[in-house]
Amino acid sequence: MSAANRLRDRKAKSRVIVLLTDGDNNAGSVPPYTAAEAAAAVGIRIYTIGTGTNGLVPFPETDRFGNKFYTEEYMPFQEDTCRRIAEIGHGSILPRD
C-alpha cells in the first residue's frame, strides 16, 4: 500500500509496482488483495516476482541471553497469492526460475 500511495498522485504515462515477494503477508495492516485492488483502482499496474522456496530455510532467533542462533523453519512459496495480486493489478507474475 505504501508504494501505491507514493504513485497515486503522479502524472506519469504509466505507474507500475514491481513486488518481490514470497506471497506471505507478514507486515502491514492492509490485506494484500485489498492493497492490490486499491492500486488498480487508481490505474497502477502490479507485477509480482516470486521468490522463496517450498522447504526449510534458516530462521534467526534470539535466546534469553541475547545470543542469536538459527533454526530451520518451513517457509512455503505462495505462488497463488503472487499470481492473484498480479491479476488484480493487471500485471503478471514473473517466473522465479
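The buried residues of helix α2 pack against α1 (2–7), β2 and α3. This is a predicted model. The buried residues of α2 are Ala-35, Ala-36, Ala-39 and Ala-40. They cover an arc of only 135° around the axis, so they sit on the same side of α2. An α-helix has 3.6 residues a turn, so residues three or four places apart point the same way. Just after α2 comes Gly-43, with a positive phi of about 85°.

Next, the sheet. It is open and has 3 strands, in the order β1-β2-β5, with parallel pairing. The edge strands are β1 (15–21) and β5 (93–94), and each pairs on one side only. Strand β2 covers residues 44–50, and its parallel pairing with β5 runs over 2 bridges. Look for Ile-49: its bridge partner in β5 is Leu-94.

Helix α3, residues 79–88, packs on this sheet. The helix touches β1, β2 and β5. Its direction makes about 160° with that of β2.

Which residues of α3 are buried? They are Thr-81, Cys-82, Ile-85, Ala-86 and Ile-88. These residues lie on the same side of α3, because they cover an arc of only 165° around the axis. They pack against β1, α2, β2 and β5. After α3 comes His-90, whose phi is positive, near 55°.

Thr-81 deserves a separate look. This residue is placed in helix α3. Its relative accessibility is 12%, and because buried means under 20%, Thr-81 counts as buried. What does Thr-81 contact, leaving aside its neighbours within four places in sequence? The contacts are Gly-23 and Tyr-33.

Now turn to the nonpolar core. In soluble globular proteins, nonpolar side chains tend to be buried together. The largest nonpolar core here has 8 residues. They are Ala-4, Ile-17, Ala-36, Ala-39, Ile-44, Ile-46, Ile-85 and Ile-88. Helix α2 (32–41), strand β2 and helix α3 each supply at least two residues of this core. Follow Ala-4 through it. Neighbours within four places in sequence aside, Ala-4 is in contact with Ile-17, Ala-39 and Ile-44.

Last come the charged pairs. Side chains of opposite charge can pair when their charged atoms come close. How many salt bridges does the structure hold? There are 2.

One joins Glu-79 and Arg-83, with the closest N and O atoms 2.6 Å apart. Both residues lie in helix α3, 4 residues apart, about one turn of the helix.

Glu-87 is partly exposed, with a relative accessible area of 45%. Arg-84 is partly exposed too, at 38%.

Note on methods:
Residues are numbered from 1 along each chain as its sequence is written. This is a predicted model: local features need pLDDT of at least 70, side-chain atom pairs count only at pLDDT 80 or more; totals for chains, interfaces and linings use all residues. Side-chain values use heavy atoms; hydrogens and water are left out. Two strands pair if DSSP finds at least two bridges between them. Contact means heavy atoms within 4.5 Å. Axes are lines fitted to C-alpha atoms, for helices over the stretch in contact, and angles run from 0 to 180 degrees between N-to-C directions. A nonpolar core is a set of buried Ala, Val, Leu, Ile, Met, Phe, Trp, Tyr and Cys residues joined through side-chain atoms within 4.5 Å. Buried means under 20% relative accessible area, exposed over 50%, partly exposed in between (1.4 Å probe, protein chains only). The arc is that of the directions from the helix axis to the C-beta atoms. A salt bridge is a side-chain nitrogen of Lys or Arg within 4 Å of a carboxyl oxygen of Asp or Glu.
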